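These are my notebook entries on one structure. I looked up a few items and wrote down what I found.

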Amino acid sequence: MGLLGDELAFARALTVQENESVMALGIRKRYPADAHLLAEGDRSRHVLIVLQGWATVSVSTDRGATRLILGLRGPGELLGEMAALDSHPRSATVRALGPVEVQLIPGDAFRRFLALHPRVSGLVIRQLTFRLRSADQERSALASLTVLQRLASRLAELSRPEPAGPYATSRVGPLHTGTVVHLAQDELAATVGATREAVAKALRLLRAQHIVRTGNRMVEILDPALLALLADGHQG
């Protein structure tokens, strides 16, 4: 499963000249923690390029009040391009995890730029394709993997070294003992498409096997090798 969308962040794939030209199309904007950068169902058309900070991408579920976190987006990543290109309502909500700074570009200006710059247009298509493949993998995982497997896979993913997620305290070298993922249980549940109760039960199993240690909004990886085996489907 893949939560982190940075195969190669859009802005980092641009040449210096392309980057300057794209940024000149918009204005810089700052959002406080927990602010909505984009809202599911909204009909706005602008796009955002993340300059600093991290945000979650989530969609509403059949359970109504709950949301499924589809991804984490960080510096260099492009957001909101689908609505800018197809004029449909926003398909997901983007929420700031902490303070976030973006370049806000009007949709019409962005579309004109892509029409004049085929290489940049190709980068957008590559990003859309990569995210579509990741979404297909997520749906397959939800259908075929247990909550324990999905949780183990997510913890392993969020604990990998850069480019990984915004949560790993120790991200130097390979995944190792002592790496900490800073997420509450309900947030972890949203990233694996499970209930908070199911994730709490899976964490109890991981604690009982001394694979993780948990605290307030944190999960410390004690046995990364065994965590990786669980993620691959070995039940121990």
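At roughly what angle do the axes of helix α5 and helix α8 cross, and within what distance do they come? I looked this up first. The model is predicted, so local features need pLDDT of at least 70, side-chain atom pairs count only at pLDDT 80 or more, and totals for chains, interfaces and linings use all residues. Residues are numbered from 1 along each chain as its sequence is written, and side-chain values use heavy atoms, with hydrogens and water left out.

**Entry: two helices**

I found that the axes of α5 (residues 147-158) and α8 (residues 224-231) come within 7 Å and cross at roughly 130°. Helices here are DSSP runs of H or I with at least four residues, strands are runs of E with at least two, and both are numbered from the N terminus. The axes are lines fitted to C-alpha atoms, for helices over the stretch in contact, and angles run from 0 to 180 degrees between N-to-C directions. The angle makes α5 oblique to α8; under 35 degrees counts as roughly parallel, over 145 as roughly antiparallel, 65 to 115 as roughly perpendicular and the rest as oblique.

I then listed the contact, which means heavy atoms within 4.5 Å. Leu148, Gln149, Ala152, Ser153, Leu155 and Ala156 of α5 meet Leu227, Leu230 and Ala231 of α8. By class, this contact of α5 with α8 has seven nonpolar, two polar and no charged residues. Ala, Val, Leu, Ile, Met, Phe, Trp, Tyr, Cys and Pro count as nonpolar, Asp, Glu, Lys and Arg as charged, and the others, Gly among them, as polar.

**Entry: a sheet**

In what order do the four strands of the open sheet run? I noted β1-β8-β3-β6, with antiparallel pairing. Two strands pair if DSSP finds at least two bridges between them. The edge strands, β1 (27-31) and β6 (78-79), each pair on one side only.

I followed β3 (residues 47-52) next. Five antiparallel bridges join β3 to β8 (residues 100-105). Val47 has Ile105 of β8 as its bridge partner, and Gln52 has Glu101 of β8. With β6, β3 pairs in the antiparallel sense over two bridges, and there Leu48 is partnered by Leu79.

**Entry: another strand pair**

I looked up β4 (residues 55-60) and found that β4 and β5 pair in the antiparallel sense over six bridges. Ser60 stands opposite Arg67 in β5. Five of the seven residues of β5 (residues 67-73) are buried, so β5 is largely enclosed by the rest of the structure. Buried means under 20% relative accessible area, exposed over 50%, and partly exposed in between (1.4 Å probe, protein chains only).

**Entry: helix α6**

Why is α6 (residues 185-192) largely enclosed by the rest of the structure? I noted that six of its eight residues are buried. They are Glu187, Leu188, Ala189, Ala190, Thr191 and Val192. Gly193 follows α6 and has a positive phi, near 65°.

**Entry: positive phi**

Most residues other than glycine have a negative phi. I found that Asp34, not a glycine, has a positive phi of about 75°; Asp34 lies in the loop between β1 and β2 (36-38). His210, also not a glycine, has a positive phi of about 60°. His210 is in the loop between α7 (196-208) and β10 (212-215), and His210 is exposed, with a relative accessible area of 60%.
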